Amino acid sequence: MASEATMLAELHTVAVYTADSGDAAMLEEMFEQARSTPGHSAALIFRIEYELEKIRSRGRPVADSAAVWDDLVRRGAVRLPPDDPAMLTARSLRAQYTRRRGLPGDIDRAIEMYRDEQRLREELFSADDPRTSTARANLALTIRERDRPGDLETARELLEREALFRIDRYGPDRPFTWIANIVFAQTLLLLADRADTDTRRDLARQAADLTRQMLQSRRRRYGDGHRSTLRAQIVYAHALLLLGQAEDAVAELREVQAVEGRGMLDPGWSDYLLARALRDIHPGRARTHAHRAVRLRSTSYLEGSRQLREAQRLVSELGD
Amino acid sequence: MVHLVLYLKQTPISNWQKRLGTPAKRLEYYETLTALLRETDAAAQSRPQRQRIVEEVGRQSASTLYAALRKLPLVDAIDQSATRSRLEQGDIVDRLLAETQIWSYHDHRLGWMNGLSRMRAESTRMAATTLLQTVALWAAAEPALASSRPTIPPLSAAQDLCLVVEHHLPFDDAVALLERVITEATGPLGISPDAVVDAVYDELMRPYSRPETVRDAFGRIRSSLRDIVHVLDRMSEEEIAAALPSDVSLDTIRRLAKGA
């Protein structure tokens with residue numbers, strides 16, 4: 001029987017491949033093998049299952065994934081310590097899918113989960129540990145997504161602080177720092193969407209400068225067509241859109257759509273922005289993309305969720 | 001990547017390990033050194049003295065340690081390089097440390113190769129990044145052994161890296177790159193092997209970015225391109241237009257296939 005170290009190294013290697021290809025078959029095979037071989041630890045089997053569910057979550061309805069992570073975390077908590085690496089991320093993913101499910105009360109539940117997670121990680125590690133840093137950024141992002149009065153401003157403040165902390169501690173050229181920068185830039189754009197013309201331009205300019213740089217860095221690190229690069233590119237396109245450069249935004253979004261594979265980005269995200277970018281240039285095409293955004297989001301999000309309502313609102317704004 | 005794995009199983013250090021089999025006397029020293037290092041304050045990064053190791057193994061004199069490492073010496077499995085000279089000129093504990101790291105890393109290496117064997121796509125970049133991840137995982141699991149001075153990585157991993165990037169990376173450069181991996185893996189971001197790879201990624205890409213590496217990569221896909229051109233030459237213009245990506249011309253593919 002292979003040792004735990006061997007199995008773990010194999011899992012890490014396979015997980016890199018599956019994260020790139022989205023193909024869960026190898027992980028399914030590994031999971032079955034590990035489960036049917038007596039002697040493997042509960043931690044190892046849980047870790048394989050966790051990697052497998054991470055890939056499966058990309059392609060199934062958010063509500064189903066939320067239930068799966070809920071169940072995984074409950075089962076894991078019985079057998080594994082709270083600082084088990086897979087348990088840490090499984091709890092984060094449970095909170096993330098609860099947030100994304102969008103049922104009444106979900107967003108508040110997700111905020112509570114992230115608050116608990118941040119507190120726990122501060123106790124287990126320290127306030128400066130990168131794992132605590134991740135929980136802090138996730139909490140800020142979830143407050144932003146709740147979007148009650150004052151939430152966006154709070155999220156902006158928390159994320160700016162987090163981005164500066166990472167620059168200071170790890171340097172500006174680390175992907176770990178880039179993540180905080182991108183989430184911060186996205187928050188600026190959400191604020192810009194509601195601001196008056198002058199403020200909008202300032203916020204969008206700041207977000208565009210930040211994401212242009214992140215996009216170059218991610219292209220260099222991951223290459224075109226990688227999920228991380230596409231995320232930066234789509235946020236950059238959003239910034240261009242708010243700067244009034246709709247045609248440039250369309251060009252960026254078309255590039256995203258040319259290489260975007262299933263599950264790589266939030267469903268309907270590129271179509272939603274394309275519809276907005278095309279509304280004055282080509283209203284017919286804008287409507288097509290808006291309808292497509294609704295269709296794609298409805299495969300992942302429940303009726304009444306914020307994501308679906310946002311796309312439906314755009315469809316009605318664009319008319320028939 | 002079954003083919004790559006076949007070659008990885010034949011590296012000089014792989015063959016050296018096979019010839020060693022299960023060397024009971026060496027293993028005693030490997031295990032003792034590992035245990036002593038684990039007891040040592042990791043921040044001190046110091047290594048135990050020869051005499052201490054010998055005593056822990058239960059021997060009176062160091063001659064058994066010399067005798068154990070003399071048979072099939074590791075340096076014979078390493079080409080001429082600064083790393084080899086360092087080992088030759090170093091003391092017996094340096095050599096024991098180098099062997100112990102290879103032994104300790106072995107299970108991780110097996111797992112990495114098993115993972116590569118499962119992959120259907122051939123990607124040397126993926127093989128290289130997962131190798132760095134595996135070394136990072138090992139270093140995080142064995143921080144005392146990985147970061148004891150003088151820091152060297154498991155030399156089997158350095159040979160693997162040279163093979164993966166197809167000999168465009170000198171052995172000493174592979175050793176230096178893996179030393180950086182270990183430094184990162186035993187630092188604050190070591191909890192994430194991905195973050196470790198991110199930190200050294202530009203260095204990893206340097207040998208890939210050389211003109212001869214790119215030429216070799218084209219060389220490998222040329223016969224496939226020739227097959228595609230052969231088929232395209234039998235198709236109508238409409239069929240060609242439908243078959244090719246919108247901004248790629250048949251002429252471009254033909255020139256690449258010919259090696260322009």
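B:Arg118 pairs up with A:Glu29 in a salt bridge, with 2.8 Å between the closest N and O atoms; the term covers a side-chain nitrogen of Lys or Arg within 4 Å of a carboxyl oxygen of Asp or Glu. Between chain B and chain A the count is six salt bridges. This is a predicted model, where local features need pLDDT of at least 70, side-chain atom pairs count only at pLDDT 80 or more, and totals for chains, interfaces and linings use all residues. Residues are numbered from 1 along each chain as its sequence is written, chains are lettered from A in the order in which they are written, and side-chain values use heavy atoms, leaving out hydrogens and water.

**Interface size**
- Contact (heavy atoms within 4.5 Å) links 28 residues of chain B with 26 residues of chain A.
- The two chains bury about 2,500 Å² between them, 60% of it on carbon and sulfur atoms; buried area is the accessible area (1.4 Å probe) that two parts lose on being put together, summed over both.
- On the chain B side, B:Arg118, B:Leu189 and B:Asp198 lose the most area to chain A, together 26% of what that side buries.

**The chain B side**
- There are six salt bridges between the chains, and α7 (92–118), α8 (124–141) and α12 (193–208) of chain B each supply at least two residues of the side touching chain A; helices here are DSSP runs (H or I, at least four residues), numbered from the N terminus.
- α7(B) gives the most to that side, with nine residues.

**Domains of chain A**
- An automatic or database domain assignment gives chain A domain 1 (1–59) and domain 2 (266–320).
- Their centres, taken over C-alpha atoms, are 36 Å apart.
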